[in-house]
Amino acid sequence: MRPAENGVILSVMKLTFYGGTGEATGSNYVLESAPGADGKTMKIMIDCGLHQGGHYAERENFEPFPYDAKSISAVFITHSHLDHIGRLPSLVRAGFNGKIYSTGATKDFAELMLIDSEHLLMKEAEREGKMPLYNNDDIAHVRSLWEGLNYHEQIVVGPFKIELLDAGHILGSAIIKIQTVEGGAGNNAGPKTIVFSGDLGNFPAPIIKPTEMIDTPVDYCVIESTYGDRIHENVDKRKEQLENAILETVKAGGTLMIPTFAMERTQELLYHLHQLFEAKQIPRVPVFIDSPLAIKLTEVYKKHESYFNAATRAEDSQAIARNGDDILNFPGLRLTLTTEQSKEINEVPPPKVVIAGSGMSNGGRILHHEQRYLPDPKSMILFVGYQAVGSLGREVLEGAKEVKIFGETIPVRAKVVNIPGYSAHADQPHLLEWLGHMRATLKKVFIVQGEQQSSEVLGQKITEQFGLANEVPTRNESVEL
């Protein structure tokens with residue numbers, strides 16, 4: 001509670017940025033209510049994600065939280081990527097015992113993502129000589145606290161009223177809109193509304209519905225900036241570019257490696273491959289999904305078809321009626337769940353397509369394929385997503401002539417191709433378009449979840465285009481609202 005001004009006690013909310021500042025990962029924010037009549041406040045958290053970059057688990061992930069986990073009443077999750085959920089089991093281990101809320105799809109996806117990451121993080125902890133971040137018991141505890149919400153279903157937690165809107169980023173992703181009535185004695189301030197963008201989607205996105213625009217009054221906005229300094233070119237040509245990559249690799253007699261995120265990107269690729277094969281635009285070559293997680297997540301996709309856009313739902317029904325295959329399946333698709341099945345890919349002669357995680361080549365089975373095929377000038381590595389600074393994928397994308405994989409120096413002779421149009425993140429024009437719907441009432445914009453330059457460039461554009469006050473916050477910075 002701030003000192004009195006002109007005889008009126010001013011009661012304010014406080015927002016603290018514990019992650020997602022100066023980096024695209026590690027999203028973690030705490031919103032503290034104004035003191036109530038009893039002088040007490042309530043804290044809710046938005047996202048609790050892993051820091052990702054040079055190592056799958058950055059050393060920061062093993063540091064204790066800079067706050068008391070027991071003091072958090074509830075956590076709201078924007079979506080199921082690990083840089084937004086990956087430290088939830090650590091939070092529970094540290095004493096958090098409130099409720100966790102998200103859409104139903106995010107809840108289902110998150111369980112699989114956390115189970116998969118537990119094994120990888122345990123190996124990382126061993127290499128770093130540290131205790132594991134969490135175990136499967138912690139994940140089970142997280143699951144017991146988690147509740148699914150529908151879009152536009154409002155929930156009240158203490159002085160906060162929360163609503164989830166469709167972010168159009170991945171299936172089940174959400175913008176979190178929070179409204180509060182401040183309650184200090186003698187305080188006549190009205191409701192305040194703050195919006196957390198989470199990650200906003202690229203447009204137009206295959207399969208899912210577009211990002212929702214907000215045309216009701218908003219006081220503060222926390223906006224992502226992963227591509228705040230870039231424009232996605234040829235978004236409408238991404239399927240054509242995928243077709244060209246396959247045709248070129250088939251002609252050369254090589255292997256097309258696609259490092260991809262198990263969530264959303266894999267399913268978008270399957271959707272476009274299904275269309276290309278059905279239209280006979282590419283020859284029937286073996287396509288391997290060499291990611292147990294992606295295979296399991298694809299099955300969850302089929303449980304949540306209500307999140308699909310209308311065109312995709314119609315196309316899915318037609319495909320099943322025509323040949324029994326849904327839009328995420330086709331003849332020649334091979335799913336390699338076991339290690340032995342993965343090794344058998346090596347015995348299949350090229351041309352072939354291998355889709356595997358991780359999306360930034362930080363770990364996972366893609367490393368084995370890169371070790372084998374990066375030296376092959378007939379082969380191609382195709383990037384279809386963001387590559388963080390320090391990641392192996394970023395090294396290759398930026399033209400490294402050789403890279404280290406499993407301690408071995410690997411020459412990069414394969415062709416390197418990038419299709420930025422597959423990014424699930426909004427680019428600068430779309431970020432500005434989304435923000436512009438709220439500009440009439442916004443008091444301030446906080447720019448997060450981007451590398452420093454990306455955030456700062458977006459801030460300059462916000463100033464130039466809307467004249468809005470904005471800030472790129474620093475780690476652990478608190479601001480009064």
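A salt bridge is a side-chain nitrogen of Lys or Arg within 4 Å of a carboxyl oxygen of Asp or Glu. By this rule, the predicted model holds 16 salt bridges. A search of the whole structure also finds 11 aromatic pairs.

**Salt bridges**

- Lys-14 and Glu-32 meet through their side chains in a salt bridge, at 3.8 Å from N to O. The pair links distant parts of the chain, with Lys-14 in strand E3 and Glu-32 in strand E4, 18 residues apart.
- Lys-14 is partly exposed, at a relative accessible area of 35%, whereas Glu-32 is buried at 15%.
- Asp-138 and Arg-93 form a salt bridge with an N to O distance of 2.9 Å. Asp-138 lies in helix H4 and Arg-93 in helix H2, so this pair ties together parts that are 45 residues apart in sequence.
- Asp-138 is buried, with a relative accessible area of 11%, while Arg-93 is partly exposed at 42%.
- In the salt bridge of Arg-394 with Glu-398, the closest N and O atoms are 2.8 Å apart. Arg-394 is buried, but Glu-398 counts as exposed.
- Glu-23, Glu-60 and Arg-475 are linked in a network of salt bridges.

**Aromatic rings**

- The ring centres of Phe-277 and Phe-330 are 5.0 Å apart and the planes are at 45 degrees, so the pair is tilted. Phe-277 lies in helix H6 and Phe-330 in the loop between helix H8 and strand E16, so the pair ties together parts 53 residues apart in sequence. Both Phe-277 and Phe-330 are buried.
- Tyr-301 and Phe-308 also make a tilted pair, with ring centres 6.3 Å apart and planes at 45 degrees.
- Tyr-301 is buried at 0% relative accessible area, and Phe-308 is buried at 3%.
- One aromatic cluster is formed by Phe-17, Tyr-29, Phe-196 and Phe-446.

Conventions. Residues are numbered from 1 along each chain as its sequence is written. This is a predicted model: local features need pLDDT of at least 70, side-chain atom pairs count only at pLDDT 80 or more; totals for chains, interfaces and linings use all residues. Side-chain values use heavy atoms; hydrogens and water are left out. Rings of Phe, Tyr and Trp (its six-membered ring) pair if their centres lie within 6.5 Å; planes under 30 degrees apart count as stacked, over 60 as edge-to-face and the rest as tilted. Helices (H or I, at least four residues) and strands (E, at least two) are DSSP runs, numbered from the N terminus. Buried means under 20% relative accessible area, exposed over 50%, partly exposed in between (1.4 Å probe, protein chains only).
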